[in-house]
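Let's take a friendly walk through this structure, from the overall fold down to single residues. Keep the model open beside you as you read.

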Amino acid sequence: MNQKHKASPPDLPRSDWPAHANFPSQALLLGSHENFRDISRHLVRESMQAWALSPTRAPRVDLASLFRRWKRGMKSHEGYEEGKLYPYLDAKYGVSMAVLEMHHRIIGQVEERVYAAESEGDALKFAHALKQHDEVLVPHLAQEEEMVIPLLLALKPKEFARYSRGHISGLLRELAMEEKEMKDNG
Ligand SMILES: [Fe+2]
Ligand SMILES: [Fe+2]
(Lines give C-alpha, C1' and ligand atoms only; values in the text may rest on other atoms or scores of the structure.)
(Ligands and ions follow the chains in the order given, each with its own letter.)
Protein backbone atom coordinates (compact mmCIF):
# COMPACT_ATOMS: atom_id res chain seq x y z
CA MET A 1 0.00 0.00 0.00
CA ASN A 2 1.16 3.52 -0.70
CA GLN A 3 2.11 4.96 2.70
CA LYS A 4 2.72 8.49 1.43
CA HIS A 5 -0.65 9.80 2.53
CA LYS A 6 -0.59 8.31 5.97
CA ALA A 7 0.34 10.34 9.05
CA SER A 8 4.04 9.90 9.77
CA PRO A 9 4.62 8.00 13.01
CA PRO A 10 5.94 10.36 15.69
CA ASP A 11 9.14 9.58 17.51
CA LEU A 12 8.53 10.47 21.15
CA PRO A 13 10.82 9.04 23.84
CA ARG A 14 9.23 7.66 27.00
CA SER A 15 10.71 10.43 29.14
CA ASP A 16 8.65 12.98 27.15
CA TRP A 17 5.29 11.23 27.54
CA PRO A 18 4.23 12.76 30.89
CA ALA A 19 4.71 16.29 29.58
CA HIS A 20 2.60 15.67 26.46
CA ALA A 21 -0.66 17.66 26.26
CA ASN A 22 -2.69 14.47 25.70
CA PHE A 23 -1.18 12.64 28.69
CA PRO A 24 -2.59 10.82 30.62
CA SER A 25 -6.05 10.78 28.98
CA GLN A 26 -4.76 9.17 25.77
CA ALA A 27 -2.32 6.82 27.51
CA LEU A 28 -4.66 4.88 29.79
CA LEU A 29 -3.12 1.65 28.55
CA LEU A 30 -0.20 2.37 30.85
CA GLY A 31 -2.44 1.97 33.92
CA SER A 32 -3.70 -1.46 32.81
CA HIS A 33 -0.13 -2.55 32.10
CA GLU A 34 1.05 -1.41 35.52
CA ASN A 35 -1.70 -3.47 37.04
CA PHE A 36 -0.64 -6.53 34.99
CA ARG A 37 2.96 -6.15 36.16
CA ASP A 38 1.85 -5.95 39.80
CA ILE A 39 -0.32 -9.08 39.60
CA SER A 40 2.37 -11.01 37.75
CA ARG A 41 5.04 -10.05 40.30
CA HIS A 42 2.71 -11.03 43.15
CA LEU A 43 2.00 -14.45 41.59
CA VAL A 44 5.69 -15.19 41.02
CA ARG A 45 6.67 -14.17 44.54
CA GLU A 46 3.83 -15.97 46.31
CA SER A 47 4.14 -19.21 44.32
CA MET A 48 7.90 -19.37 44.95
CA GLN A 49 7.39 -18.72 48.64
CA ALA A 50 4.65 -21.36 48.87
CA TRP A 51 6.92 -23.94 47.25
CA ALA A 52 9.85 -23.01 49.53
CA LEU A 53 7.69 -23.39 52.65
CA SER A 54 6.15 -26.73 51.70
CA PRO A 55 7.82 -28.24 48.62
CA THR A 56 5.59 -31.32 48.47
CA ARG A 57 2.29 -29.44 48.58
CA ALA A 58 0.22 -28.80 45.43
CA PRO A 59 0.12 -25.26 43.98
CA ARG A 60 -1.93 -22.86 46.09
CA VAL A 61 -5.54 -22.89 44.90
CA ASP A 62 -6.00 -19.15 45.48
CA LEU A 63 -2.98 -18.34 43.27
CA ALA A 64 -4.15 -20.66 40.50
CA SER A 65 -7.60 -19.10 40.57
CA LEU A 66 -6.21 -15.55 40.63
CA PHE A 67 -4.08 -16.44 37.59
CA ARG A 68 -7.10 -17.84 35.72
CA ARG A 69 -9.27 -14.78 36.48
CA TRP A 70 -6.47 -12.39 35.60
CA LYS A 71 -5.84 -14.15 32.30
CA ARG A 72 -9.54 -13.87 31.41
CA GLY A 73 -9.24 -10.10 31.83
CA MET A 74 -6.01 -10.04 29.89
CA LYS A 75 -7.63 -11.97 27.02
CA SER A 76 -10.18 -9.20 26.59
CA HIS A 77 -7.38 -6.61 26.76
CA GLU A 78 -5.52 -8.49 23.99
CA GLY A 79 -8.76 -8.90 22.03
CA TYR A 80 -9.28 -5.12 22.14
CA GLU A 81 -5.70 -4.52 21.03
CA GLU A 82 -5.83 -6.96 18.12
CA GLY A 83 -9.38 -6.11 17.11
CA LYS A 84 -9.26 -2.32 17.36
CA LEU A 85 -6.07 -0.65 18.57
CA TYR A 86 -3.53 -2.35 16.27
CA PRO A 87 -5.62 -2.21 13.07
CA TYR A 88 -6.45 1.44 13.69
CA LEU A 89 -2.85 2.51 14.30
CA ASP A 90 -1.67 0.40 11.36
CA ALA A 91 -4.23 2.05 9.06
CA LYS A 92 -3.48 5.53 10.41
CA TYR A 93 0.30 5.43 10.48
CA GLY A 94 1.23 2.37 8.38
CA VAL A 95 3.02 0.76 11.33
CA SER A 96 2.66 -3.02 11.52
CA MET A 97 1.87 -4.40 14.97
CA ALA A 98 2.46 -8.02 13.90
CA VAL A 99 5.31 -8.50 16.37
CA LEU A 100 2.97 -7.64 19.26
CA GLU A 101 0.38 -10.13 18.01
CA MET A 102 3.11 -12.76 17.91
CA HIS A 103 3.96 -11.92 21.54
CA HIS A 104 0.33 -12.56 22.49
CA ARG A 105 0.55 -16.06 20.96
CA ILE A 106 3.77 -16.79 22.90
CA ILE A 107 2.29 -15.50 26.16
CA GLY A 108 -0.68 -17.82 25.51
CA GLN A 109 1.64 -20.81 25.07
CA VAL A 110 3.40 -20.11 28.37
CA GLU A 111 0.03 -19.65 30.05
CA GLU A 112 -0.76 -23.28 29.14
CA ARG A 113 2.36 -24.41 31.07
CA VAL A 114 0.95 -22.77 34.20
CA TYR A 115 -2.29 -24.76 33.83
CA ALA A 116 -0.35 -27.97 33.11
CA ALA A 117 1.76 -27.54 36.27
CA GLU A 118 -1.39 -26.84 38.26
CA SER A 119 -3.11 -30.02 37.08
CA GLU A 120 0.05 -32.03 37.76
CA GLY A 121 -0.05 -30.64 41.31
CA ASP A 122 3.60 -29.62 40.99
CA ALA A 123 4.25 -26.45 43.02
CA LEU A 124 7.79 -25.93 41.75
CA LYS A 125 6.77 -26.32 38.11
CA PHE A 126 3.85 -23.99 38.80
CA ALA A 127 6.13 -21.31 40.23
CA HIS A 128 8.59 -21.71 37.35
CA ALA A 129 5.83 -21.46 34.76
CA LEU A 130 4.56 -18.26 36.40
CA LYS A 131 8.09 -16.90 36.26
CA GLN A 132 8.38 -17.78 32.57
CA HIS A 133 5.03 -16.14 31.96
CA ASP A 134 6.29 -12.99 33.68
CA GLU A 135 9.46 -13.09 31.57
CA VAL A 136 7.52 -13.02 28.30
CA LEU A 137 4.83 -10.65 29.51
CA VAL A 138 7.01 -7.85 30.91
CA PRO A 139 9.06 -7.23 27.71
CA HIS A 140 5.86 -7.40 25.67
CA LEU A 141 4.24 -4.67 27.76
CA ALA A 142 7.33 -2.48 27.43
CA GLN A 143 7.60 -2.90 23.66
CA GLU A 144 3.88 -2.39 23.20
CA GLU A 145 4.05 0.85 25.18
CA GLU A 146 7.03 2.05 23.10
CA MET A 147 5.21 1.30 19.86
CA VAL A 148 1.70 2.40 20.74
CA ILE A 149 1.80 5.28 23.24
CA PRO A 150 3.54 7.85 20.99
CA LEU A 151 0.97 7.10 18.26
CA LEU A 152 -1.96 7.44 20.65
CA LEU A 153 -0.63 10.68 22.13
CA ALA A 154 -0.20 12.10 18.62
CA LEU A 155 -3.92 11.73 17.83
CA LYS A 156 -5.80 15.02 18.13
CA PRO A 157 -8.22 14.85 21.12
CA LYS A 158 -11.17 14.94 18.71
CA GLU A 159 -9.82 12.02 16.74
CA PHE A 160 -9.01 10.12 19.94
CA ALA A 161 -12.62 10.64 21.09
CA ARG A 162 -13.88 9.36 17.73
CA TYR A 163 -11.53 6.39 18.02
CA SER A 164 -12.69 5.60 21.57
CA ARG A 165 -16.37 5.68 20.63
CA GLY A 166 -16.22 4.09 17.20
CA HIS A 167 -16.39 0.53 15.96
CA ILE A 168 -13.29 -0.57 14.09
CA SER A 169 -15.05 -1.20 10.75
CA GLY A 170 -16.48 2.35 10.67
CA LEU A 171 -13.19 3.85 11.85
CA LEU A 172 -11.22 2.08 9.10
CA ARG A 173 -13.76 3.26 6.50
CA GLU A 174 -13.38 6.84 7.69
CA LEU A 175 -9.59 6.64 7.63
CA ALA A 176 -9.66 5.22 4.08
CA MET A 177 -11.94 8.05 2.98
CA GLU A 178 -9.70 10.68 4.56
CA GLU A 179 -6.67 9.12 2.92
CA LYS A 180 -8.39 9.12 -0.46
CA GLU A 181 -9.33 12.80 -0.05
CA MET A 182 -5.70 13.66 0.76
CA LYS A 183 -4.56 11.74 -2.32
CA ASP A 184 -7.15 13.40 -4.56
CA ASN A 185 -6.10 16.81 -3.29
CA GLY A 186 -2.52 15.96 -4.15
FE1 LIG B 1 -0.59 -6.67 24.28
FE1 LIG C 1 -1.47 -4.19 26.28
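## Ground rules

Axes here are lines fitted to C-alpha atoms, for helices over the stretch in contact, and angles run from 0 to 180 degrees between N-to-C directions. Helices (H or I, at least four residues) and strands (E, at least two) are DSSP runs, numbered from the N terminus.

This is a predicted model, in which local features need pLDDT of at least 70, side-chain atom pairs count only at pLDDT 80 or more, and totals for chains, interfaces and linings use all residues. Residues are numbered from 1 along each chain as its sequence is written, and chains are lettered from A and ligands numbered from 1 in the order in which they are written.

## The chain as a whole

The chain has 6 helices and 0 strands. Its C-alpha atoms fill a box of roughly 70 × 30 × 25 Å along the principal axes. Of its 186 residues, 22% count as buried (20 or more other C-beta atoms within 10 Å of a residue's own; exposed is 12 or fewer, partly exposed in between, with C-beta atoms placed from the backbone).

## How H1 meets H2

Helix H1 (residues 29–53) and helix H2 (residues 61–93) have axes that come within 11 Å and cross at roughly 155°. That makes H1 roughly antiparallel to H2 (angles over 145 degrees count as such; under 35 is roughly parallel, 65 to 115 roughly perpendicular and the rest oblique).

Which residues of H1 and H2 meet? From H1 come Ser32, Phe36, Ile39, Leu43, Glu46 and Ser47, and from H2 Leu63, Leu66, Phe67, Trp70, Met74 and His77; contact means C-beta atoms, placed from the backbone, within 7 Å. These residues divide into 8 nonpolar, 3 polar and 1 charged (Ala, Val, Leu, Ile, Met, Phe, Trp, Tyr, Cys and Pro are nonpolar, Asp, Glu, Lys and Arg charged, and the others, Gly among them, polar).

## The nonpolar cores

A nonpolar core is a set of buried Ala, Val, Leu, Ile, Met, Phe, Trp, Tyr and Cys residues joined through C-beta atoms within 7 Å. The largest has 14 residues, of which Val114, Phe126 and Leu130 touch the most other members. H1, H2, helix H3 (98–120) and helix H4 (123–154) each supply at least two residues of this core, and the largest share, 5 residues, comes from H4.

Leaving aside neighbours within four places in sequence, Leu130 is in contact with Leu43, Val44, Ser47 and Val114.

## His20

His20 lies in the segment before H1. Is His20 buried or partly exposed? His20 is partly exposed, because 17 other C-beta atoms lie within 10 Å.

Key. Two residues are in contact if their C-beta atoms, placed from the backbone, lie within 7 Å.
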